[in-house]
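Hi,

Here is the structure I promised to pass on.

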Amino acid sequence: MTIALYCVLAAGLMPFLWTGVAKGRGPRYNVNVRLWQSKLEGAAQRAHAAHLNSFEAFPLFAAAVIVAQMNGAVQGRIDMLALAFIGLRVVYGILYLANLASLRSLAWMAALVCTIMIFVAGH
């Protein structure tokens, strides 16, 4: 398995990291999860938002890695960009928790650029 494919696994699991933070910072959650989510505030609410955004970022990233590998892109380049994506997505979540919206948006955009670069790497 390539590093990039391990990054796909990491990106697929990342939403659970952020929901774990939300659950750790919020009130008890196991009775009615959807109601619990709607009542989150502060850092717990921001962690939940990072959780949802991780699900949104995942499909395009996973597709980009698969397309780049199918098109014969240089594996080292795919791996480097995939690792950058994962790092940026972790930074994104941390910045979300810290309530640093402008920096968070920059991390989000940089991760999206990595995804696009992976997608076209085999072109």
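**What I found**

The protein has five helices and zero strands, where helices (H or I, at least four residues) and strands (E, at least two) are DSSP runs numbered from the N terminus. Reading from the N terminus, the order of elements is α-α-α-α-α. Bear in mind that this is a predicted model, in which local features need pLDDT of at least 70, side-chain atom pairs count only at pLDDT 80 or more, and totals for chains, interfaces and linings use all residues. Residues are numbered from 1 along each chain as its sequence is written, and side-chain values use heavy atoms, with hydrogens and water left out.

Along the principal axes, the C-alpha atoms fill a box of roughly 50 × 30 × 15 Å. Of the 123 residues, 38% count as buried. Here, buried means under 20% relative accessible area, exposed means over 50%, and partly exposed is in between (1.4 Å probe, protein chains only).

**The cavity**

Rolling a probe the size of a water molecule over the atoms shows where empty space is left. A search of the whole structure turns up one cavity of 30 Å³ or more. By cavity I mean a set of points, on a 1 Å grid over the protein atoms alone, where a 1.4 Å probe fits but cannot get out; lining residues have an atom within 4 Å of a point. The largest cavity comes to about 30 Å³, the volume being the space filled by probe spheres set on the points, with grid points joined across faces, edges and corners.

Which residues line the largest cavity? They are Ala-11, Met-14, Ser-54, Ala-57, Phe-58, Phe-85 and Arg-89. Helix H1 (3–25), helix H3 (42–70) and helix H4 (75–97) each put at least two residues into this lining, and H3 has the largest share, with three. By type, the lining splits into five nonpolar, one polar and one charged.

**The nonpolar patch**

H1 and H3 each supply at least two residues of the patch, and H1 gives the most, with four. Met-1 sits in the segment before H1 and counts as exposed because its relative accessibility is 69%.

**A few single residues**

Start with Ala-68, which lies in H3. Is Ala-68 buried or exposed? Ala-68 counts as buried, because its relative accessibility is 0%. Ala-68 and His-123 are 55 residues apart in sequence, and their C-alpha atoms are 8.1 Å apart in space.

Leu-88 is in H4 and is partly exposed, with a relative accessible area of 23%. From Leu-88 to Met-109, 21 residues along the chain, the C-alpha separation is 9.2 Å.

Arg-34 belongs to helix H2 (residues 33–38) and is exposed, at 63% relative accessible area. Arg-34 and Met-14 are 20 residues apart in sequence and 20 Å apart in space, C-alpha to C-alpha.

Asn-99 is in the loop between H4 and H5. Its phi is near 65°, a positive value in a residue other than glycine, and with a relative accessible area of 48% Asn-99 is partly exposed.

Finally, Ser-102 is in helix H5 (residues 101–120) and counts as exposed at 60% relative accessibility. The C-alpha atoms of Ser-102 and Val-67, 35 residues apart along the chain, are separated by 31 Å.

Cheers

Methods
On a 1 Å grid over the protein atoms alone, a cavity is a set of points where a 1.4 Å probe fits but cannot get out, and a pocket is an open set with protein on both sides within 12 Å along at least five of seven lines; lining residues have an atom within 4 Å of a point. Ala, Val, Leu, Ile, Met, Phe, Trp, Tyr, Cys and Pro count as nonpolar, Asp, Glu, Lys and Arg as charged, and the others, Gly among them, as polar.
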